[in-house]
Every structure is written in C-alpha cells, then in structure tokens.
There are 2 protein chains.
Amino acid sequence: MAFTDLSIASEATILPILEIAEKAGISKDALELYGNFKAKINVDQLRPVQKMGQVVLVTAISPTPAGEGKSTVTVGLADALKQLKESVAVALREPSLGPVMGMKGGATGGGFAQVLPMEDINLHFTGDIHAITSANNALAALIDNHLHQKNVLHIDPRRITWKRVLDINDRSLRQVTIGLGGPGQGIPRQDGFDITVASEIMAVLCLATSLADLKERLAQMVIGYTYDKAPVTVRDLGAEGALTLLLKEAFKPNLVQTIEGTPAIVHGGPFANIAHGCNSLIATNTARQLADIVVTEAGFGADLGAEKFMHIKSRKGGFNPDAVVIVATIRALKMHGGVTKDSLSAENVDAVGHGMVNLAKHVDTIRQFGIEPVIALNRFSGDSDEELSNVLAWAKKEGIAIALTEVWEKGGKGGIALAKLVKQELQRPTNFNFLYKEEDSFEEKLRTIVQKVYGGADVQLSDVAQKQLVELKNFGWDSLPICMAKTQYSLSDQPKLMGRPEGFTITIREIIPKLGAGFLVCLTGDIMTMPGLPKKPAALSMDVTADGNAIGLF
Amino acid sequence: MAFTDLSIASEATILPILEIAEKAGISKDALELYGNFKAKINVDQLRPVQKMGQVVLVTAISPTPAGEGKSTVTVGLADALKQLKESVAVALREPSLGPVMGMKGGATGGGFAQVLPMEDINLHFTGDIHAITSANNALAALIDNHLHQKNVLHIDPRRITWKRVLDINDRSLRQVTIGLGGPGQGIPRQDGFDITVASEIMAVLCLATSLADLKERLAQMVIGYTYDKAPVTVRDLGAEGALTLLLKEAFKPNLVQTIEGTPAIVHGGPFANIAHGCNSLIATNTARQLADIVVTEAGFGADLGAEKFMHIKSRKGGFNPDAVVIVATIRALKMHGGVTKDSLSAENVDAVGHGMVNLAKHVDTIRQFGIEPVIALNRFSGDSDEELSNVLAWAKKEGIAIALTEVWEKGGKGGIALAKLVKQELQRPTNFNFLYKEEDSFEEKLRTIVQKVYGGADVQLSDVAQKQLVELKNFGWDSLPICMAKTQYSLSDQPKLMGRPEGFTITIREIIPKLGAGFLVCLTGDIMTMPGLPKKPAALSMDVTADGNAIGLF
C-alpha cells in the first residue's frame with residue numbers, strides 16, 4: 001500500500017468545524033475559530049448538562065519499538081461507536097513538534113483512524129505548546145533577572161530547579177552554562193533545557209479546573225531554593241499573573257474532528273514519564289459535556305499512563321473510567337516474548353505466547369482498580385492467523401473480553417467488534433477503587449504502585465532520595481500523590497527486562513516535588529526530558545508544495 | 001486622565017473581522033479566521049487589482065527616551081484619511097513579546113490611535129513569531145545534530161554563526177556554552193541566544209515575495225563555516241523544506257483593524273538594527289491591493305528605518321514611497337537640544353530650537369530621495385504654545401509642510417490636518433531615486449549612507465571588518481545592499497551625540513552577511529540582539545480577570 005497517514009488525511013473529506021460543533025451542541029458563541037477546521041471552546045459558554053458522559057480509557061501493554069497504535073485504536077473506537085449510533089467524542093493529547101521533526105510519526109492516530117487536520121495539529125496547531133514555551137521561559141528570565149537585580153529573595157543560583165524549555169529535540173541544550181560574559185550579562189550558572197511538554201506548566205495546564213485554579217497552581221510551583229534551603233515559589237516572584245495571562249488562550253480546549261466526523265477534543269500533552277501523560281482534565285470534562293461516551297488515552301503502558309490516569313487525573317477530576325481498553329499487537333507481544341525488531345515479520349507463535357505475560361499483568365492491574373478491561377488486538381498486515389487465534393483463545397480461556405481491530409485500514413468499521421464489547425462494559429457498573437489513598441504515607445503509596453501495578457518485590461530509595469524525603473516531609477509535601485518516572489519498556493526500572501519480570505526492586509534515585517501540578521515525581525533510572533534528533537531527522541524529508549501543502553509529515 | 005491604552009482598547013467597539021474584510025473587498029474564501037477579530041489572508045485568493053495603492057511611509061526624528069509616537073501617528077493618519085473618505089489601509093509590524101513583558105508598551109499604537117484587538121496582538125497574536133522561533137531553533141538543533149552525527153559537512157563548531165532565539169528579554173542567554181555533559185550530549189561549544197525578531201528568518205519572511213521565494217531565501221542562509229572556512233548554508237544541510245513547512249502559515253499576512261475600523265495588516269517585525277525594521281513586503285503589497293492609500297512605518301529614525309525602507313524593502317518590492325511623514329515631538333526635540341529626561345516637563349523654547357537641527361537633517365535626507373516630506377508634530381499634553389509655534393514657524397520658513405497631530409487623544413480627528421497635507425503630496429509626482437545603486441562597490445554604498453544619510457565625514461573599517469570584506473569579496477557577496485546596525489539615538493555611532501553631529505567618522509566593527517535576507521549587516525558599536533529585563537519588569541504587574549481579560553498591558 002502506498003498510503004501514508006498524510007496522503008490519507010489529504011484525501012479525506014473534512015467538515016467545517018462549525019458543522020461538527022453544531023452537531024455536538026456547541027453554540028457558535030462558545031467557539032473561537034482558528035481557520036475553518038479548528039476552534040477553541042469557551043467552556044463557560046457551553047450549556048450545562050444533566051449527566052456527564054462516560055469515560056473509556058485506552059491504554060496498552062508495555063510499549064515496544066514495534067508500535068502498538070494506541071492513538072489509532074482510540075480514534076477508531078470512537079468512530080466505531082459513532083457507527084453504532086452512540087453519542088461519542090474523543091479526547092486526545094496534542095502532539096509536540098520536537099518528535100514530529102525528529103522521528104517519523106505524529107500523535108494524531110494513523111491511517112483511516114486519525115484526527116484532522118493532521119497537518120495543522122502536528123505543526124503549530126492553535127499555539128498552545130508555544131504559549132507554554134513562552135510562559136516557561138518568561139518565568140526563567142524573571143528568575144535570572146531577579147538574581148541579576150540584587151537577588152532580594154536570596155535565591156541560591158546553584159539550587160534553581162526551574163529549567164528553560166523548547167519544543168524541539170535538541171540534545172545540545174540538555175546541559176548548558178548561562179550568564180557568561182561579565183557583570184552586564186547576568187549571573188553565571190549551570191542550567192539546562194527540557195522539551196516543552198516536560199515543563200511543569202504543561203502538567204499544571206492539564207490538571208487545572210478553571211482559570212483561577214490555573215493561576216493558583218502556577219503560583220505554587222517551586223522554582224528553586226534560597227541559600228537557607230527554603231523553597232522559592234512563583235508567588236514569591238509575583239509572576240503568576242503574567243504566566244496566567246500568557247496561558248489564558250492555551251487553557252481553552254481545542255475542537256477538531258476524526259476522519260469520520262466524530263468531535264475530537266485535542267488538548268494538552270504532558271510527558272508521560274516526568275508528568276502524568278494524559279490530555280487535559282478540562283478537555284476530558286468538556287468532551288463529557290458534549291457526548292454520552294468519551295474515548296481517551298493515557299501515555300505508555302497501563303503501568304504508567306493508566307495508573308497515573310486513575311491516581312492523578314481521575315482523582316483531581318472527580319470521575320473514574322467506566323471502561324478500559326488495553327491495546328496489544330502480535331508484533332509487540334513477540335518482542336515481549338524475546339524476538340528482536342529485525343525478526344518481527346517472521347511468524348513466531350511461541351514468542352507470542354511467551355510475550356502474553358506482559359498483557360496478562362496489565363489485565364490484572366486494571367482489574368485491581370475494579371474495572372474489567374477489554375483487550376484490543378490491533379491487527380497488522382503481517383500477523384499470522386495462528387498467532388492471532390492463539391491470543392484470542394487465551395483471552396477467552398481467561399475470561400477476558402477481546403476483539404480484533406483493523407482501524408488503521410478500515411477506520412470505524414474495523415473497530416465495531418471492539419465497540420460492542422466496550423458498550424457491554426459501559427452498561428455494567430464498575431467497582432472502581434484507588435489502589436492508594438491520598439492520606440497513605442509516601443512509602444505506602446510507593447510500595448502499592450511497585451507491588452500492585454508493576455508486580456515488583458520491593459522499592460528502595462537512593463541516599464539522595466532519602467535526604468529529599470526528609471526535606472519533603474519537613475515542608476509537608478509528602479501527602480501529594482506520586483508520579484512515577486520509570487522506563488516505559490519494562491514493568492521494572494530496567495528497560496531490557498521485557499515480558500513480566502518478577503522479584504525485582506525499584507530504585508528511586510530522586511524525588512522532585514511538583515507543587516503546581518500537585519504530585520511528587522519519583523525518578524527511577526535515567527529519564528530523558530530533552531530528546532535528541534536521530535541520524536536522519538524526519539525534518540530533512542519535509543517540504544511544502546507550491547500550493548502550501550505539507551510533504552513528509554507522517 | 002486615567003485612560004490607558006488597554007482601557008481604551010477594552011472600551012472600544014470592535015467590528016467582526018469578516019465585516020472589515022468585506023468592506024476591504026476580501027472574499028470570505030481568502031480568509032482564515034483566528035477568532036472573530038483576527039484573520040490570516042490567503043493572498044493567492046485576493047482578486048487582482050488594476051492599480052496598486054500608494055504608499056505613505058511614516059518615519060521619525062532620531063528617537064529619544066521621551067517617545068515620539070510613530071506607530072500612533074501611523075494609525076491616526078490612516079484613520080484621518082478614512083474620515084476624509086479615502087480608501088485606506090495601515091500596514092504595521094507585529095510586536096515582540098519580549099519587550100511587552102519587559103518594558104511597559106506594546107507596538108500597536110496608543111490611546112485613540114491603536115489597532116485592535118490590542119491584547120491578542122501584543123501577546124501571541126496568530127503565532128507568527130512563535131513559528132519563527134520554532135524554525136530558527138529547529139535549524140539550530142539540526143546543525144548541532146549534524147556535528148554530533150559525524151559532521152559530514154566538516155562544520156567548524158567554532159565558526160557556527162547561527163544562534164538560537166527566544167521571544168523574551170533574557171540577558172542570561174546572551175553568552176552560553178552548550179553540549180556539555182559528555183559524548184551523549186552533543187559537541188560542547190560557545191553559543192548564544194538572540195531575541196526572535198533578530199533572527200535572519202524574520203528578515204527573510206519580511207522580504208520574501210512568495211512561498212517559493214521564502215524557501216529559496218531560507219536555503220541561502222549561511223549558518224557557519226567549515227574548517228576550511230567555506231560557507232555552509234541551509235541548503236547544504238537540506239533543511240529548507242522543513243523550515244518552509246514550519247513557516248507556511250506565518251507567511252500569510254494578518255488582518256486586524258484600527259480602533260476606527262480601518263483595515264490593518266499587521267505582519268512581520270524584524271529588528272530595526274540587525275535587520276531592516278519594516279513590516280513584511282507581502283503585507284505592504286497586500287494592503288496596496290486592498291486600498292488606494294497604505295500608511296506604513298519603519299523602525300527608529302529616518303537615518304535607519306527610512307533609509308532601509310528605501311534601499312532594501314522598496315528595492316526588493318518594486319515600489320517606492322509616494323509620501324513620507326516625519327514624526328517629531330516637542331519633548332524629543334528638547335532632548336536633542338540638551339535637556340535631560342527629568343526636566344522634560346518644564347517649558348524650554350531654546351532647547352526645542354537647538355534640537356530642531358535633528359529634524360532638519362532628517363528632512364534633508366528624505367528630500368535627497370526625491371520626496372518632499374511632511375512633518376507630524378505630535379502634540380503631548382505638557383507642550384507649551386510657544387514651543388509648538390516656534391517649530392511650526394520654522395517649518396513654514398523652510399518651506400516644509402507641517403501639521404500638529406493629536407491622535408492619541410482624538411483618534412483620526414486629531415490627524416485631519418496631517419492627512420490633508422499628505423493627500424496633497426500624494427497628488428504630486430515624486431522624483432524618487434535611490435542614494436546608491438546595487439552595482440556600486442561596497443565602499444561606495446557605505447560612504448553614501450554615512451555622508452548623505454547620517455551627515456558624517458567618513459567611514460572606517462576595523463581590522464576585523466577589513467578581513468571580513470576580503471572574504472565577502474572572495475565569495476562574491478559584496479554586491480548586496482547594506483543593512484546598517486547603528487545606535488538609533490544619534491546620527492553618528494555614538495549614542496550620546498544627539499542633535500545633528502557633524503564631522504564624525506563611523507567605524508564598522510564587523511560585517512555580517514545575511515544571504516537569505518539579502519543584505520550585509522554592518523555593525524557599528526555594540527548592538528544588542530538580546531535585550532534584558534529591567535529592575536521592575538512589566539510582567540510583574542500583569543494579570544487576568546476572572547473573565548479572562550488582561551490586566552497590566554499598556
């Protein structure tokens with residue numbers, strides 16, 4: 001097939017966003033158009049609803065380089081539900097430009113299950129991420145200006161934790177020294193850049209419930225410590241007003257559409273490691289106002305995205321998922337069963353069988369939350385019948401609902417079987433429960449995640465983390481939920497331990513308080529907060545036609 | 001008066017941009033709405049016109065900290081022409097966020113002579129500057145990635161001239177070291193950040209005539225030199241397609257409106273020192289398609305902005321100004337006459353008289369271009385009658401058209417007298433001529449600018465510049481026009497030499513080829529390409545109301 005996501009998107013019929021909005025019951029007054037196919041929603045002007053829509057969370061097995069197609073299944077499932085005449089909306093994260101220019105692949109689904117206009121969404125979209133870059137770096141400039149202008153707050157330049165950001169993959173900016181050049185050019189110090197989606201401001205924007213809440217959360221962010229090791233916040237600098245001003249438009253959710261005309265709210269995209277990896281709370285709740293069923297996703301596998309969706313996003317938002325879909329592919333199961341990327345095209349029924357332990361663990365995890373998951377076995381063209389039927393048979397034997405999906409090739413039609421299973425689950429009441437309570441001790445929360453979600457034996461803190469925990473407790477910050485920053489490739493903290501490792505110990509190397517976002521990031525292993533470009537960046541194949549159409553976006 | 005620009009803007013009646021567009025003859029199909037009050041124009045879809053509109057260039061005396069109000073007069077003049085039933089449009093630069101967050105003051109005019117929606121225009125507007133930031137930094141990341149991935153082009157890390165940018169005032173980023181941290185984190189080297197509007201990409205966007213021309217200019221940009229001192233271009237890296245893709249929306253001019261409903265094209269805003277300081281060529285030409293008269297401005301005084309408007313922008317654009325307005329204020333003339341900023345409120349007729357030499361020089365300069373200028377004496381509330389009448393009398397004696405303007409307080413009504421004089425000039429044919437030809441030698445061009453425009457005696461090149469000139473000639477780049485980077489405060493290169501200095505020599509310290517923009521920047525003195533924040537940044541007084549309205553923008 002010579003189809004690419006871009007070619008399919010370009011050929012697709014896209015409806016005026018006003019038409020999508022009207023069908024979704026959004027009045028023209030509540031919309032701010034960005035061209036004919038994108039709009040921001042003024043949520044204050046939506047009409048109130050009696051009952052908010054149900055939430056379907058799409059998660060996945062531990063991701064592999066083979067690709068699982070979680071966003072694609074999310075979009076395809078929504079379109080399938082629409083084909084079944086359900087009132088449905090999809091709520092997705094917005095893509096970061098960095099990876100788009102780096103590796104092939106946007107974050108708007110794929111094939112016949114994508115959101116449109118894919119070109120715009122994958123480039124600057126409505127400018128939300130640029131606004132976050134501006135706000136993040138305005139704060140950084142205000143901090144360094146404070147140092148330069150006599151440093152009344154006594155901020156210790158060696159203890160500034162607020163980093164600058166750019167929405168680009170740029171390894172050279174990970175570790176820098178700034179303020180060089182003499183007394184007129186600021187105070188020299190070590191610094192570094194993260195990718196914008198790793199900014200705490202992104203997490204804040206995605207968890208805030210109102211403009212006032214946004215401002216309060218921004219004010220609470222810790223930017224560093226004084227020479228006396230007291231925390232310094234944005235409020236101490238008096239910068240929360242300016243930051244809120246810079247973010248007020250970015251805070252409004254964006255309305256676009258799927259390739260089959262389902263309303264799609266694409267808004268917010270925090271990193272799934274250093275942050276919670278879900279689209280914005282305000283977007284999900286806006287979608288719940290518009291439709292009876294909202295299909296949404298969370299970053300990485302169920303051990304990371306789904307766990308954080310439950311314990312962080314749902315908890316703040318006052319709702320819980322009514323159904324959970326776990327996406328798996330034959331290719332990814334093979335890799336969990338020990339096959340290397342180069343050998344994926346060969347049939348290997350045994351490896352699929354070995355890799356299913358990873359899927360089984362994620363099923364167990366979702367069940368612990370009181371929800372009966374549905375597996376979406378996302379078919380790729382090279383999958384053999386025996387490989388597929390083995391997985392289907394296993395699930396049936398274990399009593400787990402499972403459906404084959406072919407949404408990349410067939411759109412909503414390829415997700416009808418999955419949609420029917422999801423509808424069944426939605427009609428069944430869940431027994432949702434959090435695995436840990438907010439009032440549990442830091443150590444209890446941590447152990448719960450490691451043992452119940454990762455299936456590990458124990459957790460230990462590095463010397464640094466132990467010292468940090470003492471400080472956190474002194475400041476009274478230890479009652480916050482935990483946001484784990486762990487490799488997505490393994491249930492453990494060792495990327496190469498695929499499948500379902502057991503008996504392992506997770507080591508917390510560092511604890512980073514994110515008071516604005518409202519969680520404590522627990523770092524395990526090396527977490528990359530600024531990606532690098534590959535040998536052949538995708539950017540080098542990009543171009544524009546004379547008519548202004550994109551070339552080389554995938 | 002308790003009025004601020006923001007309060008006036010908030011109280012003003014703003015028309016739907018569709019209505020402004022309709023009146024200007026722009027079909028709905030040629031518009032992409034950004035909310036209800038901003039739109040991008042697809043220039044390919046404008047209907048062709050028989051005759052392009054005439055151009056009125058608004059320039060000023062050498063600026064002073066007292067403020068002249070050039071943008072305000074530009075807007076007020078357009079609104080006055082509208083009141084006189086002329087078909088008129090205004091073409092302005094778009095503001096950079098850095099100075100907005102730094103010093104009080106946007107770039108959307110002021111009082112009752114401003115463009116709306118001022119809040120949006122002064123913040124993220126339609127994202128053009130963010131797109132330039134992205135493209136500039138994507139290129140920087142591709143360069144450093146090239147170094148990291150075996151450096152096939154043999155780029156000398158010490159000779160990379162392409163800097164990163166942010167749209168923020170941040171002195172700490174002027175001189176940095178990047179790529180620290182070991183082999184996985186890129187190649188360590190010295191680097192620095194400019195403010196986005198100083199990026200060559202901004203100049204390129206403002207001088208390109210089509211998307212194809214934009215791409216070609218981007219391809220020609222020099223990013224550094226090899227170990228053998230051969231220039232390395234964007235084309236060598238293969239990045240021009242991706243950069244064009246990132247800029248394709250930013251390249252479309254933005255339509256907004258003045259407070260009196262005159263169509264305003266606000267697009268592009270290159271630094272007036274390191275670049276040419278005019279709004280985009282495509283915006284000016286779009287405005288000329290929409291209206292019989294286009295009022296536009298150029299940065300700083302006539303020695304800088306107007307000279308570059310003529311020699312760079314007009315030359316590329318194939319038009320010349322049909323009339324020129326020089327803005328002066330009593331306060332600024334007083335400063336040129338030796339008064340300090342603290343003593344400006346006291347009447348000082350003598351100082352005004354002494355300061356008029358600066359105005360007289362700029363009048364002479366415009367006359368050399370074959371255009372008879374009109375002086376706009378922009379009234380401030382503290383000006384005394386005698387101060388004003390002395391200037392008026394002098395102009396009359398010298399045979400220079402002059403009008404008092406009160407557009408800040410009265411809008412278009414306060415600019416009627418000026419508008420009438422401008423109309424007279426527009427009916428008179430100009431004898432426009434360039435002061436130098438493209439085929440003149442580099443030295444001739446330079447001497448022409450220094451002697452004819454600055455009124456200086458001579459020009460000399462530093463040792464560095466002499467060496468660079470030899471290289472430029474070797475590469476065949478010396479046929480490009482010159483873009484002077486000189487202090488705006490003086491006709492000379494000494495900021496403190498106000499009024500009309502004579503007999504001075506200008507020293508060119510460095511020559512920077514900008515092959516994409518198509519000019520050679522000649523640096524004199526210290527030119528700041530990354531401003532710093534002041535002691536009390538404007539940002540710290542900014543906020544948002546519960547309804548989402550801005551507080552603290554001026």
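Contact, as used in this report, means heavy atoms within 4.5 Å.

## Basis of the report

This is a predicted model, in which local features need pLDDT of at least 70 and side-chain atom pairs count only at pLDDT 80 or more, while totals for chains, interfaces and linings use all residues. Residues are numbered from 1 along each chain as its sequence is written, chains are lettered from A and ligands numbered from 1 in the order in which they are written, and side-chain values use heavy atoms, with hydrogens and water left out.

A:V459 sits in strand β20 of chain A, residues 458-461. Helices (H or I, at least four residues) and strands (E, at least two) are DSSP runs, numbered from the N terminus. With a relative accessible area of 12%, A:V459 is buried; buried means under 20% relative accessible area, exposed over 50%, and partly exposed in between, with a 1.4 Å probe and protein chains only.

Neighbours within four places in sequence aside, A:V459 is in contact with A:L446, A:R447, A:V450, A:T505, A:I506 and A:I508. A:G179 is 280 residues from A:V459 in sequence, and their C-alpha atoms are 40 Å apart in space.

## A buried lysine

A:K40 belongs to strand β2 (residues 39-41) of chain A. The residue is buried, its relative accessible area being 0%. Its side chain makes a polar contact with the side chain of A:D128 at 2.6 Å. A polar contact is a pair of N or O atoms within 3.5 Å; within protein, one must be able to donate a hydrogen and the other to accept it, and residues adjacent in sequence count only if both atoms are side-chain atoms.

A polar atom of the A:K40 side chain also lies 2.6 Å from the backbone oxygen of A:K252. Not counting residues up to four places away in sequence, the residues that A:K40 touches include A:E32, A:Y34, A:E249, A:N254 and A:H267.

## The interface of chains A and B

In chain A, 66 residues are in contact with 66 residues of chain B. The two chains bury about 5500 Å² between them, and carbon and sulfur atoms give 61% of this. Buried area is the accessible area (1.4 Å probe) that two parts lose on being put together, summed over both. A:R171, A:S172 and A:L245 supply 11% of the area that chain A buries against chain B, more than any other three residues.

The rule finds six salt bridges across the interface, a salt bridge being a side-chain nitrogen of Lys or Arg within 4 Å of a carboxyl oxygen of Asp or Glu. A:K215 and B:D543 form a salt bridge, with the closest N and O atoms 2.9 Å apart. Helix α6 (residues 128-148) of chain A gives the most to the side of chain A that touches chain B, with 10 residues. By class, that side has 33 nonpolar, 22 polar and 11 charged residues; Ala, Val, Leu, Ile, Met, Phe, Trp, Tyr, Cys and Pro count as nonpolar, Asp, Glu, Lys and Arg as charged, and the others, Gly among them, as polar.

## How the copies are related

## Backbone features

Most residues other than glycine have a negative phi, and most peptide bonds are trans. The bond joining A:L116 and A:P117 is cis, with omega about -5 degrees. A:P117 lies in the loop between β6 (113-116) and α5 (118-122) of chain A. In chain B, the peptide bond from B:L116 to B:P117 is cis as well, with omega near -5 degrees.

A:N151 has a positive phi, near 55 degrees, and is placed in the loop between α6 and β7 (155-160) of chain A. A:N151 counts as buried at 12% relative accessibility. For B:N151, phi is positive at about 50 degrees, and B:N151 is buried with a relative accessible area of 11%.
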